[in-house]
Amino acid sequence: MKLLNKPLRLSARQITLGKTLLHLLILGWVIFTFYLGVTDNLGADPVKALIHFTGIGALNLLLITLLISPTARYLPAPVLMRFRRMLGVYVFVYAAIHLLTYISFELQFDWSLVVGEIIKRPYITIGMVALLLLAALTITSPNKVRQRLGKRWQPLHNTIYLVVFLALLHFSWSRKTGLQEPLIYWVIALLILLPRLQYLKQRLRRAR
């Protein structure tokens with residue numbers, strides 16, 4: 001069922017304006033939050049707050065990015081796909097800032113300690129794997145790279161679903177007390193991915 005009688009269309013100017021506003025919002029949000037942290041206006045433990053903010057921000061952006069495709073299909077509004085790559089890049093940016101915040105403030109750039117933490121703490125290991133996958137997806141997101149990769153591009157970018165699982169696992173495992181918030185994110189992710197799971201089942205049935 002389509003929610004709109006006609007596909008939603010945006011002019012090139014409106015798309016540019018929309019992307020500009022998203023840039024300002026996403027970048028401005030993280031800059032302002034770090035400003036609050038530096039000026040000691042982010043609670044009793046600003047480092048912990050910054051680490052949580054960037055991590056949960058990356059997860060939110062990841063789920064929003066995954067939501068674009070079904071939203072574009074069911075509205076219908078194919079023009080929304082023009083924003084997906086940009087949001088996907090910001091997922092990596094926030095995740096990278098999340099890691100750098102942890103390394104700089106918590107570990108003080110002690111690289112032997114960094115390696116030790118990655119090896120000893122499984123949830124950090126999982127987070128690193130997710131970040132490396134995001135880096136690969138970001139590097140291969142431009143159209144020129146996509147054309148060079150050819151048929152290999154789509155299987156690589158299907159690993160985004162693995163990233164979702166790893167990110168949720170990292171988030172859940174990092175919470176030493178209280179699983180209510182991670183559980184909410186698991187449910188939201190399942191609802192977003194449910195149409196894709198149904199589509200995959202249909203393809204498997206046809207293949208058989």
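UniProt places the feature "domain: Ferric oxidoreductase" at residues 54–167, in an unreviewed entry.

Student: How should I take that annotation, and what kind of model is this?

Tutor: UniProt positions are given in the numbering used here, feature names are shortened, and annotations may be inferred rather than shown by experiment. This is a predicted model, in which local features need pLDDT of at least 70 and side-chain atom pairs count only at pLDDT 80 or more, while totals for chains, interfaces and linings use all residues. Residues are numbered from 1 along each chain as its sequence is written, and side-chain values use heavy atoms, with hydrogens and water left out.

Student: Where does UniProt put the transmembrane regions?

Tutor: The unreviewed entry lists them at residues 21–38, 50–75, 87–103, 123–141, 153–171 and 183–200. Take two of them in the model. Residues 21–38 are 100% helix, with end C-alpha atoms 25 Å apart. Residues 87–103 are also 100% helix, and their end C-alpha atoms lie 24 Å apart.

Student: How do I check the length of a helix such as α3?

Tutor: The expected span is 1.5 Å times one less than the number of residues. Helix α3 (residues 84–106) has 23 residues and should span 33 Å; its end C-alpha atoms are 33 Å apart, which agrees. For α5 (122–139), the 18 residues should span 26 Å, and the end C-alpha atoms are 26 Å apart, in agreement. After α3 comes Gln108, with a positive phi near 55°.

Student: Which residues of α3 are buried, and what covers them?

Tutor: Buried means under 20% relative accessible area, exposed means over 50%, and partly exposed is in between (1.4 Å probe, protein chains only). In α3 the buried residues include Met86, Leu87, Tyr90, Tyr94, His98 and Tyr102. The cover over the buried residues of α3 includes α1 (12–38), α2 (46–74), α4 (111–120), α5 and α8.

Student: What about α5?

Tutor: Among the buried residues of α5 are Tyr123, Ile126, Met128, Leu131, Leu134 and Leu137. Their cover includes α3, α4, α7 (153–157) and α8. Across the chain of 208 residues, 37% count as buried.

Student: How many salt bridges are there, and which residues form them?

Tutor: A salt bridge is a side-chain nitrogen of Lys or Arg within 4 Å of a carboxyl oxygen of Asp or Glu. The structure holds two. One joins Glu117 and Arg121, at 2.6 Å from N to O. Glu117 is buried, at 12% relative accessible area, whereas Arg121 is partly exposed at 34%. The other pairs Glu181 with Arg175, whose closest N and O atoms are 2.6 Å apart. Glu181 is partly exposed at 28%, and Arg175 is partly exposed at 27%.

Student: What counts as a surface patch, and where is the nonpolar one?

Tutor: Patches are made of residues with over 30% relative accessible area and no salt bridge; like charges are joined within 9 Å, and nonpolar side chains (Val, Leu, Ile, Met, Phe, Trp, Tyr) within 5 Å. Accessible areas come from the Shrake-Rupley method with a 1.4 Å probe, and for residues only the protein chains shown count as cover. In this model, Leu162, Phe165, Leu183, Trp186, Val187 and Leu191 form a nonpolar patch with about 570 Å² of accessible area together. Two or more of its residues come from each of α8 (160–174) and α9 (180–207), and α9 gives the most, with four. Leu162 sits in α8 and is partly exposed, at 42% relative accessibility.

Student: Where is Gly178, and is it buried or partly exposed?

Tutor: Gly178 lies in the loop between α8 and α9, and its relative accessible area of 46% makes it partly exposed. Its C-alpha atom is 45 Å from that of Gln147, 31 residues apart along the chain.

Note on methods: Contact = heavy atoms within 4.5 Å.
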